[in-house]
Structures are given as structure tokens and as C-alpha cells.
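Student: I would like to learn how to read a model of this kind, one feature at a time. Could we begin with the terms and then turn to the case in hand?

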Amino acid sequence: MTDIYTKCLRKLTSEYQLRSLDYPRPDPSGKPGRASLYGDHYGFTPGTCKRCSRTFDITFEKRSQCDFHKEPSRKIRGVQHPHACCNGKYGSKGCYNAPSHVYKGNMYLDTEGFLTTKPLASPPADGNYGVYAMDTESIHTKKGLEICKVTVVDSKCNVVYDEYCLPTTDIIDYNTIWSGIREEHLKAVTKTTEEMRNDLLTLFNEDTILVGHGLGSDLMLLKIFHSKVIDTLILYPHHRGPPLRRSLKDIAQTELRMTIQNGVGHDSKEDAEVTMRLLLRKL
Ligand SMILES: [Zn+2]
Ligand SMILES: [Zn+2]
């Protein structure tokens, strides 16, 4: 019987696919810690709000109200459908209100200070360098999006890491409707982003296989270079092809008959477990 690690090696997301999905890759100049991105940045326009797409002051000195829809208005076969959150028409006033616009430009523009997963000093006796699924949750700060929670599960879906960390700058919005993170979750937390990254660089080595759904954005915000990846965006592509992507919620529903992300915000534990189960079904 072939072991799980060997089976996973056959499913690795290729370098070309990693680039098309905006994974941070070591810069060709060879400058240590500098990343290059090659994807389409998923429709990102610099200087605009992630939620409502309006232009705003990204220094956050002047803040203005943000109204937005949680769900996009999709165009299917030429027909513009209403927003699924409230049935509001395309271009209508948002059904959510927040005191400030938010930014995610750092996800594409903050390309310095990356560290690479390291090789193990000696190979493991059973040849298994580890297979893990990872999911993160992030909040909006002055810097942009910052990761404040990471969950990692092993190939048996046991949680091996589940921690919060503090952002590096002022919080603008907890992003709770997506992140599930509220003020009280971070109250007693002392772990820094840097410490969180060191934990992960200890848990993973260069040959560990990491599974995730659009893991490039997690690795970008964590500032980690890692190449042995299986992305569920590639395992379960959109039927009309890229750049369209299926959501984890949709894949979980159709492939596993599981309803996820149904409450307020995502649960990184649930998302990581679902991602692992989606990989296991393809082996
Ligand atoms: Zn809405
Ligand atoms: Zn906005």
C-alpha cells in the first residue's frame, strides 16, 4: 500500500499553477527575502476598498463610512444577478455598514522579508515529511490584511496547531463577518506575527506537503516561501476554468455534502479539516 505522502507527491500543484494563483515566489534577482508575484491579483485595484471598491485614503488619516455587500453580484451568461446577501441589485447601496473602508494592497505589494521553509537535517525513517492542511483568518489593520489566527490539521484531521497572534499595527476592522474574529479573541493574546511564523517554520520543513484553498494568500501574508503545495482550487476547478474560482463553501457542499461557513465568519479549524478531507477524496 502506498503511503499518503507518496500519493500526495503525485498531486502537487505545479510551479506554473502556483504562479498563476499569485503564490509568493522567490524573486529572480536572488535578493534574499524578496518575493515576486505572477498572477492576476484577483481583480485588485490599488488604492481601493476591498469591500466596496471605492477609492479612499489608504493612510487612514481621513476615514469614511463603508457600505458593502457581503456577497458579490455575479454575471452568469450575460445576466447580472442580484447580491445573494440581500437580493440587492448590482450597484445598489450595500447591506452592511462599517466605520471605515479597508485595504488589502499588502497582499500584493508587501514583497520583502520572506523566509523559506528549511530542509530537514536527516530524512524521516518512514519517508513521510508531513502532510498538513492550513487555514488562516485575517483582520484589517492600517497595514492592510494581517493574519491573526492559524489552524493546521494533519492527514487524520487532528488539529496540530491552532493559535491567535496580534497584528503589527492599529486594527481598523476585525472583519468578523468573514474572519469570525472579535475583540475578545485577541484580548489575552501575546504571540506576535513573527513568533507565529517561527512556530510554523518549525512545524513544517521544505518537503512538507501543505494543502490549502487558495493558500497563496495565506503564505503571502505569513511571508513564507513554500513549494510543495496542493491547492484545492486546482483539485476542484471552476467548470468555466480560471480565473474563476469555486469557493470552499461550494466545494464542501457539492463534494462532501457538508454545509460550512454558515454562521458569522469562517472557522479556520472547520475550513482546514474540510480542505484535508477534499484532498483525501482525490488520493
Ligand atoms: Zn447585500
Ligand atoms: Zn469600502
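Tutor: Four donors count as tetrahedral if all angles lie between 85 and 135 degrees, and donors are N, O and S atoms within 2.8 Å of the metal (3.2 Å for Na, K and Ca), with water not among the atoms, so sites may look incomplete. This is a predicted model, in which local features need pLDDT of at least 70 and side-chain atom pairs count only at pLDDT 80 or more, while totals for chains, interfaces and linings use all residues. Residues are numbered from 1 along each chain as its sequence is written, chains are lettered from A and ligands numbered from 1 in the order in which they are written, and side-chain values use heavy atoms, without hydrogens and water.

Student: Which residues coordinate the zinc ion (ligand 1), and why is the arrangement called tetrahedral?

Tutor: Ideal angles for four tetrahedral donors are 109.5 degrees. Here the zinc ion (ligand 1) is held by His69 (ND1), Cys85 (SG), Cys86 (SG) and Cys95 (SG), at 2.1 to 2.4 Å, and because these four donor atoms subtend angles of 95 to 120°, the arrangement is tetrahedral. The donor residues follow the spacing H-x15-C-C-x8-C in sequence.

Student: Are histidine 69 and cysteine 95 buried or partly exposed?

Tutor: Buried means under 20% relative accessible area, exposed over 50%, and partly exposed in between (1.4 Å probe, protein chains only). Histidine 69 has 11% relative accessibility and therefore counts as buried, whereas cysteine 95, at 36%, counts as partly exposed.

Student: How are tyrosine 132 and phenylalanine 204 arranged as an aromatic pair?

Tutor: Rings of Phe, Tyr and Trp (its six-membered ring) pair if their centres lie within 6.5 Å, with planes under 30 degrees apart counting as stacked, over 60 as edge-to-face and the rest as tilted. Among the nine aromatic pairs of the structure, tyrosine 132 and phenylalanine 204 form a tilted one, 5.8 Å centre to centre with 45° between the planes. Tyrosine 132 lies in strand 8 and phenylalanine 204 in the loop between helix 6 and strand 12 (209-212), 72 residues apart, and both are buried.

Note on methods
Four donors count as tetrahedral if all angles lie between 85 and 135 degrees; four count as square planar and six as octahedral if opposite donors are over 155 degrees apart and all others between 65 and 115; anything else is irregular. Helices (H or I, at least four residues) and strands (E, at least two) are DSSP runs, numbered from the N terminus.
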